[in-house]
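Here are my notes for a first look at this entry. Please keep the structure open as you go through the points.

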Amino acid sequence: MVAHFVMSIDQGTTSTRCILFDRGGRLVSVAQREHKQYFPKPGWVEHDAAEIWRNLEHLAPEALAKVGVSAAQVAAVGIANQRETTVVWDRHTGHPLGRAIVWQDTRTDAMVTEYARRPDAAIVQEHSGLPLATYFSAPRIRWMLDHTPGLRERAERGEVLFGTMESWLIWNLTGGVDGGVHVTDVTNASRTMLMNIKTLDWDPELLEFFGVPAAMLPQIRSSSEVYGTADRALPGVRIAAALGDQQAALFGQTCFARGEAKCTYGTGSFLLLNTGDTPVHSTHGLLTTVGYRIGTEPAVYALEGSIAVTGSLVQWFRDSLGLISTAPEIETLARSVEDNGGCYIVPAFSGLYAPHWRSEARGIIVGLTSYITKGHLARAVLEATGWQTREVVDAMNADSGLALTTLKVDGGMTSDNLLMQFIADVLAAPVVRPMVAETVSLGAAYAAGLAVGYWPDLDGLRRNWHRAAQWTPSMDPARRDSEYANWHRAVERTFDWLQPAPDTSG
């Protein structure tokens, strides 16, 4: 039977989706399930990895059934996943050893502070391209090893395995305890703080620095190659790609040339700039990361600016303050006023990510007067996303020596026209949204299809990209500069709010 489709598994922070795409990159079928979020202590965020796997077992057949096709008509499957979320499981039983610790989790704050005081701390960014922060996987692995009795000894004996979500799903898809393949791709490995950004291998000095046994780590592979064949959920289908979700979006937006950039606006927002085949070490608070690697070709690198809170700020405005009933209402409310009335909201709910990396910062609202209405607050909520984008773009321009000329955007927030116009205004550059909004899923599908010859080359993928909307800048430059200066003053007031307590629990 002829394979007509490629399937993408998009394992995200709040849900898992299976999507079928055709040769034109068009979405044919989608099935989705949310999974439970666990918040056992302040700053702790956890998922049940077993629940996520069970969801996938149901979703893959469901996506096929919606269009009446079988797994035999799927050429390959690619996986995009929430990055940095850390899973440790028993090699022999297949059971996770505790819940997965999610990328948003900040329980390792005190540990990271202690690591930063070590005289050899500079090797972390030098070797991995990443700053010491709670965001990445290595401190979470160490926390699990320190807080789970007997886990370190079992890890050193190779009895337990570590992975980010794509590793966990690939292992289960390919047989689990009956010969499951334990692999990760270079994009996910580059987010652990354990991979050498130049050699693309696990770095012995970083493993020693964090105290992580090599025996528990997956094999690092490229982003687009056949890892194995599924015998569960999608029996007989080749698993041919894995990328961290933001790198998948870069790929789905066809940002294949140096200097091309995309930003995905979701719960948080992530701006990636293709820097070509050489890693660019940031001096302005960005992350050096692997963008993708196709087969045996050289890796393509990226600079990334990670913004922790954007879409989740709208959710907070809706759910915690109750000022709107649905997320789309914020645009209507924000349009009820001409400007922000001098009010700025800095959403440092769990610290600030790029370009500041201040884990002790906490959110503030500044400029409140009796003049301020909920309309001004709504506008300040949206503008916070715009100004945070501007900070990241400024840092990227400084690090790369390039000037951003166009920003490709995707994600749920791009349906807000007022926000997209504001981003174009503060960047003084056009903002463009593609016809297919599911760029994370599409990128994973593209990488899988390339690996098995379903699509012939990158030029063919570029021809699938079509513009759906564009916003061009119209803000007066003097106003832009003045408001940006106000934003900087507001950000500075979030610093040094928390002093991390020492970790005395073990």
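Which residue of strand 21 does Arg433 stand opposite? The numbered points below begin with that. Please note that this is a predicted model.

1. **The pair in question.** Arg433 stands opposite Ala469, and Ala469 belongs to strand 21. Strand 20, residues 431–434, pairs with strand 21. The two are antiparallel, with four bridges.

2. Helix 12 covers residues 374–400 and helix 16 covers residues 477–492. Their axes come within 11 Å and cross at roughly 95°. Helix 12 is therefore roughly perpendicular to helix 16. What kinds of residue make up the contact of helix 12 with helix 16? They divide into five nonpolar, two polar and six charged. From helix 12, the residues are Glu383, Ala384, Trp387, Gln388, Arg390, Glu391 and Asp394. Helix 16 brings Arg480, Glu483, Tyr484, Trp487, His488 and Val491.

3. **One residue of that contact.** Take Glu483, which lies in helix 16. Is Glu483 buried or exposed? At 10% relative accessibility, Glu483 counts as buried. Leaving aside residues up to four places away in sequence, Glu483 touches Asn340, Tyr344, Glu383 and Trp387.

4. The whole structure has 25 salt bridges. One of them joins Glu84 and Arg191, with the closest N and O atoms 2.7 Å apart. Glu84 sits in the loop between strand 5 (74–81) and strand 6 (87–90). Arg191 sits in the loop between helix 7 (186–189) and helix 8 (204–210). The pair therefore ties together parts that are 107 residues apart in sequence. Glu84 is buried, at 2% relative accessible area. Arg191 is buried as well, at 0%.

5. **Two further salt bridges.** Arg358 pairs with Asp496 in a salt bridge, the closest N and O atoms being 3.1 Å apart. Arg358 is in the loop between strand 17 (344–346) and strand 18 (364–366), while Asp496 is in the segment after helix 16, so the pair ties together parts 138 residues apart in sequence. Arg358 is partly exposed, with a relative accessible area of 23%. Salt bridges with shared partners also join Arg83, Glu84, Arg191, Asp245 and Glu304 into one network. Another salt bridge links Glu225 and Arg221, at 3.0 Å from N to O. Glu225 is partly exposed at 22% relative accessible area, whereas Arg221 counts as buried at 17%. The cut-off matters here: buried means under 20%.

6. Strand 1 (residues 5–11) and strand 2 form a hairpin with three residues between them. The two pair antiparallel over six bridges, and Gln11 has Thr16 as its bridge partner. Strand 2 also forms a hairpin with strand 3, with five residues between them. In that turn, Gly25 has a positive phi of about 75°. Seven bridges join strand 2 to strand 3 (residues 27–34), again antiparallel. Cys18 has Ala31 as its bridge partner.

7. **Covered strands.** How many residues of strand 2 (residues 15–21) are buried? Seven of its seven are. Ser15, Arg17, Ile19 and Phe21 point one way, and Thr16, Cys18 and Leu20 point the other. Strand 8 (residues 160–163) is covered on both faces, with Val160 and Phe162 buried on one side and Leu161 and Gly163 on the other. Strand 8 runs antiparallel to strand 6, joined by four bridges. There, Asp90 has Val160 as its bridge partner.

Definitions and conventions. Residues are numbered from 1 along each chain as its sequence is written. This is a predicted model: local features need pLDDT of at least 70, side-chain atom pairs count only at pLDDT 80 or more; totals for chains, interfaces and linings use all residues. Side-chain values use heavy atoms; hydrogens and water are left out. Axes are lines fitted to C-alpha atoms, for helices over the stretch in contact, and angles run from 0 to 180 degrees between N-to-C directions. Angles under 35 degrees count as roughly parallel, over 145 as roughly antiparallel, 65 to 115 as roughly perpendicular and the rest as oblique. Contact means heavy atoms within 4.5 Å. Ala, Val, Leu, Ile, Met, Phe, Trp, Tyr, Cys and Pro count as nonpolar, Asp, Glu, Lys and Arg as charged, and the others, Gly among them, as polar. A salt bridge is a side-chain nitrogen of Lys or Arg within 4 Å of a carboxyl oxygen of Asp or Glu. Buried means under 20% relative accessible area, exposed over 50%, partly exposed in between (1.4 Å probe, protein chains only). Two strands pair if DSSP finds at least two bridges between them.
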